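Subject: Structure for you to look over

Hello,

I am handing this structure over to you. Please open it first, then read my notes below.

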Amino acid sequence: MSNRGWRALALVLCSSAAFGVTACGSSDSGSGGGATTSGGAGSAVPAAAAAAAEKATTPATKIAVVQAGLKPFSPKPGAKIVNISCDVSITGCNAISNGVKAGVQALGYEYTRCDAGKTPDRATSCFTNAVNAKPDAIIVNAVGTSVAADGYAAAKKAGIPVVGLFTGDGPGAGGAAVQVGAGGCVEQGKLMADSIAVQSKGKADILFATESSIGCSVARTEGFKAELPKACPECKVKELKFNSATMQQSLPQQLQAELNQNPDLTWIVGVFDSAAAIANTQVAQAGKQDQISVGGMDADPANIEVMLKKGIQKLDVAFAFGETPWAAADAAARIYSGEDVPDSVPANIFVVNQDNTDKLPPTKVWDGPTDYQDQFKALWSK
């Protein structure tokens, strides 16, 4: 993916809530195809949806753990942390993993990473290696129990605490001591639905391109499909499944077919930004840039650049890709230090549209509050 893209959480980020917002989903085996179409009757955008969309267009200034009421503590020194990451060839997964590394090292802890890749077997192997290494904690980003249930069970049996990050699993699920960003992926999907409702003034014909190898993708999809009938009763949505492993080759053809078959299409949403980037290209090649808008998730730099130029992409829903991995490191440190930790830690989310790109930092990459590192270090007395 060109994305900072979780499948993030899937983000990465399998978020939990991410679409995971869901549990890091089951692996994709086919190239996919269209699914069911839904829609309803109604007219104006409900006030609650409009308010949620508007609120999310202002980026947070406080890290989410402070918003949740977590207090300063003195981290116990000497921890060894293993990070099991979703496929690091995906921009978002790699960005989240690098963020975990930065947070862990800021605590003065030892960091090791294992790339879970694209298959459940690889994810299970990462857990096996992690358990054998006997770390003080395991931080898992965007790999949920639907992909690696046996691995979670092995870590629990070995007495090694697991911090889930954008796994798509709910609080307390799968043996994880805490889920960071739990529900965040679902919330991203909901905010995308709310935002399209507002931009389309309550009438849109939407193609939602998604996949199921990443928990956050599943959760984002679920969140979108659940929220759209509430936020936009007159909107319609068709789900298009693609295979993440063959996305670059197969998704362009799938989108071309949909563009030819549905002359009334007005929006295409990519479950992460690499898919949205492909949609941007296909819409332009079809000459439908004045008819169809694109939405994506993860706020990859390439996608944001399209928005800065007032191009085809009109929406992007971003996790705090810098801050949230540090929150996972914070949770691991609290567990290791004997501190109380809630079973769920929230994630900040920011909806970027073509009218608020000036709220992005000069890098045009939104990682959370601009001083999130200093805010965490203040919690750790560093």
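**The sheet**

Strand β5 (residues 162-165) pairs with strand β6 (residues 178-180) in the parallel sense, over 3 bridges. Within that pairing, Leu165 stands opposite Val180 in β6. Please keep in mind that this is a predicted model.

The pair belongs to an open sheet of 6 strands. Their order is β3-β2-β4-β5-β6-β12, and the pairing is parallel. Which strands are at the edges? They are β3 (110-115) and β12 (344-345), and each pairs on one side only.

**The disulfides**

A disulfide is a covalent bond between the sulfur atoms of two cysteines. How many disulfides are there? The count comes to 4. Here are notes on some of them.

Cys114 and Cys126 form a disulfide, with sulfur atoms 2.1 Å apart. The torsion about their S-S bond is about -75°, so this disulfide is left-handed. Cys114 lies in strand β3 and Cys126 in helix α5, so the pair ties together parts that are 12 residues apart in sequence. Both Cys114 and Cys126 are buried.

Cys185 is joined to Cys216 by a disulfide, S to S 1.9 Å. About the S-S bond of Cys185 and Cys216 the torsion is about -105°, so that disulfide is left-handed. The pair links distant parts of the chain. Cys185 sits in helix α7 (residues 184-199) and Cys216 in helix α8 (residues 215-231), 31 residues apart. Both Cys185 and Cys216 are buried.

Cys232 and Cys235 form a disulfide too, with sulfur atoms 1.8 Å apart. The link of Cys232 and Cys235 is right-handed, with 55° about the S-S bond. Are these two cysteines buried or exposed? Cys232 counts as buried because its relative accessibility is 0%. Cys235 is buried as well, with a relative accessible area of 2%.

**The cores**

In soluble globular proteins, nonpolar side chains tend to be buried together. The largest nonpolar core here has 106 residues. Which of its residues touch the most other members? They are Ile84, Ile196, Ile206, Phe224, Ile268 and Phe376. Helix α12 (residues 323-336) gives the largest share of this core, 8 residues.

There is also a second, separate core of 9 residues. Met307, Ala320, Val352 and Leu360 are among them.

**Helix α11**

Met307 comes up again in helix α11 (residues 301-308), where Asn303, Ile304 and Met307 are buried. These residues cover an arc of only 100° around the axis, which puts them on the same side of α11. What covers them? The cover includes α10 (273-285), β11 (313-319) and β13 (349-353). Just after α11, Lys310 takes a positive phi of about 55°.

Best wishes

Terms used:
Residues numbered from 1 in each chain as written. Predicted model: local features only at pLDDT ≥ 70, side-chain atom pairs only at ≥ 80, totals over all residues. Heavy atoms only, no water. Pairing = 2+ DSSP bridges. Helix = DSSP H or I, 4+ residues; strand = E, 2+ residues; numbered from the N terminus. Disulfide = S-S within 2.5 Å. Buried < 20%, exposed > 50% of the residue type's maximum accessible area, 1.4 Å probe, protein only. Core = buried A, V, L, I, M, F, W, Y, C linked by side-chain atoms within 4.5 Å. Arc of directions from axis to C-beta. Contact = heavy atoms within 4.5 Å.
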